[in-house]
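Good morning, and thank you for the time on today's agenda. I would ask you to keep the sequence and the structure in view while I speak.

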Amino acid sequence: MSNLGKIKCLAGTVIRADSASPVSNFEVARVGSERLLGEVIRIDGKEVDIQVYEEIDGVHVGEPVEFTGEPLGVDLGPGLLGSVLDGIGRPLGGFSSEEAGAFFLKRGFFSRSLDPGTRWAFFPLKSPGDNLSPGDALGFVKEGEDFKHLVMAPLGSEMSRVREIASPGTLVTVDDAVGVLENSLAITPCQRWHVRTPRPCVERLPFSEPLITGQRVLDTLFPVALGGAAVIPGGFGTGKTVTQQSLAKWCNAGVVVYIGCGERGNEMTEVLEEFPHLKDPHTGRTLMERMVLIANTSNMPVAAREASIYLGMSIAEYFRDMGLDVALMADSTSRWAEALREISGRLGEMPGEEGYPAYLGSRLAQYYERAGRVRVLGEPQRKGSITIFNAVSPAGGDFSEPVTQASLRLSGTFWALDKRLAEGRHFPSVNWKQSYSLYEKALEPFFLENLGEQWKDCASFLKSLLERETELLSLVQIVGRDALSEQDKWDLEMGEIVRVAFLQQNAYDPHDAFNTLEQQMRLSEILKDLQCLVSEEIERGVLHQQVQGLGLLRQVLALRGAPAEDFEKRSHQWLEEVARSLTTSEGR
Amino acid sequence: MDLYREGTRSISGVTGPLLFVSNGRKAALGELVTIETSKGKRTGQVLQIDGDLCAIQVFEGTLGLNPGDCTVWFEKDVVKVRLGQVLMGQTLDGRGIPRGGKALPCFEKEVPITGSPLNPAMRAGPSDFVETGIASIDLLNTIVRGQKLPVFSGSGLPANEIAAQVVRQAHVPGNPEQFLVVFAAIGITEREARFFRDSFEESGALFNGVFVVNLAGDSAVERLLAPRTALTIAEYFAFDRGYDVLVVMTDMLHYCEALREVSAAREEAPGRRGFPGYLYSDLASLYERAGCVKGLKGSITQIPIVSMPGDDMTHPVVDLSGYITEGQIVLDRGLQARGVYPPINVLSSLSRLMNKGIGEGRTFAGHRQVADQLFASYARSREVSRLRLIVGDEGLTETELHYLRFGSAFERLFLDQGDSALSIGESLAAAVRALSTLPDEELFRIPADLMEEIRRVRLDR
Ligand SMILES: Nc1ncnc2c1ncn2[C@@H]1O[C@H](COP(=O)(O)OP(=O)(O)OP(=O)(O)O)[C@@H](O)[C@H]1O
Ligand SMILES: [Mg+2]
């Protein structure tokens, strides 16, 4: 039974209303005669503050407010993959209503996240008489070519036995019952979930393998664990979005949830135009088929931006519960935090650091805590994970601000994007001195097992060479390059080769955009061999100038572009050639 | 419109640009109001309603407003602008009314100036190369139709001249139609406005353009309306009439300062440098009104000009603009001092949509590689010239000396093109000449055929 109130105050996105009977915090309210969606965010006696998810121009004091008694929820089920939703779960693709597909978003439209019209083929995994507990898979529906979307007993339902179940191949809509339990609960492919509530699991599992991003600098130097969290802070134009989009394209997750949280409309368009035509290198399906896009761009209402990350997280958890590895990326945490700040300001709350509310850190923690690698509820036993990649857009590019700092405390990998590198068009502009990964230890067994002992040598070779280059560059600032020893001069050149050929990776070059772990290791091995070879020659008296004349960087780049099959052979030939030309030039 | 209007005389106070009415119970948020005084009429808009108390921002300002002599009428409508083909060639005030005249008598439709967000799923990705005739833009920071690309400029740098040059020269190659220009003057001086007017008159943009003008002497609150009015007009021409519209807005700093003024009067908690915490969202509601739409012909390309107080790129207005727009053109005092025009700092400039508009069939094959090579080499040459200040010429290696030569050749032969318009081919030729000062092994990004070209130029020298 819903409960009615009246609007008393209107300012920006927050309204205050009177309520005759008690309401609960975070319950959804319908505001004014247009029944705009909102959510209760503060209760003070009979006065209730509501954040409204839409523009409220034209609304009057005295108009009614209807309290629904339900917190903000989303329909989870088949059809989510490949869809575009706004921050509160309304589809923008336009299958459900004309309004949703309009050029300009009209406020007040109501639409479910799932298309109630589509029919899906259902296949049972249980039989009448079988037990069914929360999370158990009753069956699955086929989505696309070969994706099995599990139909699970809702979390929080009672354990019971299957009484009836649909036969294989039955076509059902998301609202049709595919099974009925003995306690008369009807199970449909669609289940509702309150987005601010974490979906429970059996237990958390330790980190044991990396999420492979396909980006050399990330995987080799600063890896992120499956179920971990990486933060990508950087000033404007440093490459946060391009990095996240590259991950969305090439990482080895089963499902990608991409939240455009207060960023550009054109970036969403880019995803929508590109992803349906790109193939997932791991499954061969199109990238759009493993993706849910949540688009609450900067010009869309602020309160819905605040909600968008919880919506994305709930969807991620739902796919995790099917036993999948989910990558969740939000661009950008800062815009979410600003929405929080704006709402808090409208409530007249006491501001904390830089005007953000004092609960910024705890809200962010609640979000990050929902990531992880877990054993999920239900039979058959499944493991799933959510890995977070959150961009942060610090004001003025200064990482000491509260959102960056709070994010760093909550995550394990820090990919610091650097304005100077971006200006010199060194992309990804990951600063190798500032960035770190706390997962290295946990992931070491995985790397050793899969790539062998050499992996460790390669990673430490790259790190120490870059370290050495930094030292030498500061020396050059004092004495100039000419005063360096021949070996130091070569180390500097080698530093450049590593930076350009290994660290830099062009997201727009289809041959370079993605590297497997093996490719990454082979490339670093070649670089390591090159370093040894040339250093030996220099010790024997070859001058750096002779080395320089060879144009090694161009050759490395050409080699890098070689097809994976020939790489091994060609690289050895190449190293021999380098050795030959250095020994002959020695005897000049 | 309704014949019946609600009026009230109970004014409870005036603060800054705000007027407070104490029985505003019937008002709606954002509602347009008319304020009648014995000296004439003003207009305003409801900003906030708290029970009976209603805050109104007065577009003409509150100077000389006597609370005892005001009747406030609620108009049961929001702020709208009248649209029609007749706007072409007109000069309007910030609210869209012909300057010094009356509201347009005949018009096609009337639309709220706040606009509605474009559905991100219905946009079409911008991808058509716009040739501006400026080499450092076309070759290194290419603009595409439907992009929003601001100019960041310290005081005294020629942002206006460059914007005017772009308006004069910009076209989509192969598309005979010119851009329709919508120009929003936001709090600029009479002199600056005159510069634009003269330059547009010369190039003909004046006759097929629309001018929304709010000068420094006009009301600050009206400054908040000017860009919205301009963008509403732009949307009409782009999406109802199919024009490619180029919107130039100057100066966004003045816009933000007006926003700060109103925010302070509302006693909102100030953020960085006193600007309100919602500055990002507010600016985004303007900048995001650029783009292309699926299945429609027109487009809106935006070139806002943002002043950088003290040349500070981290100033909140500049910083947030950078976070919202699709790149930036940054002007540089050092280049200006070395006599380079246009003094565009290509390293801190960026066009994020560049890759969509370049390459074979659009500009030329190898465009990306040439641009990457120029960026990398110029970045290196800047480093070397910093290093030279410390270690002197003697401390530099042969290669480093090459880079020094390249740096000055790049600035002289490529950047410093003056007032002229260069085709993309001419821009490339200038780049090749500059690159030919570097030895082959440094040009490892250049594709083979262009390498030939560079060697040829080197021999000719
Ligand atoms: N890996 C990459 N390869 C090639 N170019 C890149 C790469 N990463 C970034 N870039 C370049 O940097 C530009 C800016 O990147 P991006 O839009 O991701 O920045 P951002 O950090 O998201 O900025 P903002 O905070 O303003 O959204 C891109 O348009 C592209 O030109
Ligand atoms: Mg971005």
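In what order do the 4 strands of the open sheet in chain A run? The order is β10-β13-β15-β16, and the pairing is antiparallel. Please bear in mind throughout that this is a predicted model. At the edges of the sheet lie β10 (131-132) and β16 (186-187) of chain A, each of which pairs on one side only. For β10(A), the partner is strand β13 (residues 160-165) of chain A, and the two are joined in the antiparallel sense over 2 bridges. Within that pairing, Leu132(A) stands opposite Ser160(A) in β13(A).

Let me now turn to the domains. The assignment for chain A gives domain 1 (3-72), domain 2 (120-189), domain 3 (208-439) and domain 4 (452-586). In the contact between them, domain 2 of chain A places 14 residues against 12 residues of domain 3 of chain A. Together these two domains bury about 1,000 Å², with carbon and sulfur atoms accounting for 62% of it. Which three residues supply more than any others of the area that domain 2 of chain A buries here? They are Phe147(A), Leu150(A) and Met152(A), with 42% of that area.

Between domain 2 and domain 3 of chain A the count is 1 salt bridge. Asp146(A) and Arg285(A) meet through their side chains in a salt bridge, at 3.2 Å from N to O. On the domain 2 side, strand β12 (residues 147-152) of chain A gives the largest share, 4 residues. By class, that side of domain 2 has 7 nonpolar, 3 polar and 4 charged residues.

I move next to the interface between the chains. The size of an interface is often given as the accessible area lost when the parts come together. For chain B and chain A, the buried area is about 6,100 Å², of which 54% comes from carbon and sulfur atoms. On the chain B side, Leu29(B), Tyr323(B) and Phe444(B) lose the most area to chain A, and together they make up 13% of what that side buries. The contact involves 82 residues from chain B and 72 residues from chain A.

How many salt bridges does the rule find across this interface? It finds 3 between chain B and chain A. Glu270(A) forms a salt bridge with Lys356(B), with the closest N and O atoms 3.3 Å apart. Across the same interface of chain B and chain A there are 29 residue pairs in polar contact, both residues at pLDDT 80 or more. Several elements of chain B each supply at least two residues of the side that touches chain A, among them β5 (40-50), α4 (220-240) and α10 (367-391). The largest share of that side, 7 residues, comes from α10(B). The residues on this side of chain B divide into 37 nonpolar, 22 polar and 23 charged.

Finally, strand pairing also crosses between the chains. Strand β1 (residues 3-11) of chain A pairs with β5(B) in the antiparallel sense over 3 bridges. There, Leu10(A) stands opposite Ile49(B) in β5(B).

Methods
Residues are numbered from 1 along each chain as its sequence is written. Chains are lettered from A and ligands numbered from 1 in the order in which they are written. This is a predicted model: local features need pLDDT of at least 70, side-chain atom pairs count only at pLDDT 80 or more; totals for chains, interfaces and linings use all residues. Side-chain values use heavy atoms; hydrogens and water are left out. Contact means heavy atoms within 4.5 Å. Buried area is the accessible area (1.4 Å probe) that two parts lose on being put together, summed over both. A salt bridge is a side-chain nitrogen of Lys or Arg within 4 Å of a carboxyl oxygen of Asp or Glu. A polar contact is a pair of N or O atoms within 3.5 Å; within protein, one must be able to donate a hydrogen and the other to accept it, and residues adjacent in sequence count only if both atoms are side-chain atoms. Ala, Val, Leu, Ile, Met, Phe, Trp, Tyr, Cys and Pro count as nonpolar, Asp, Glu, Lys and Arg as charged, and the others, Gly among them, as polar. Two strands pair if DSSP finds at least two bridges between them. Domain bounds come from an automatic or database domain assignment.
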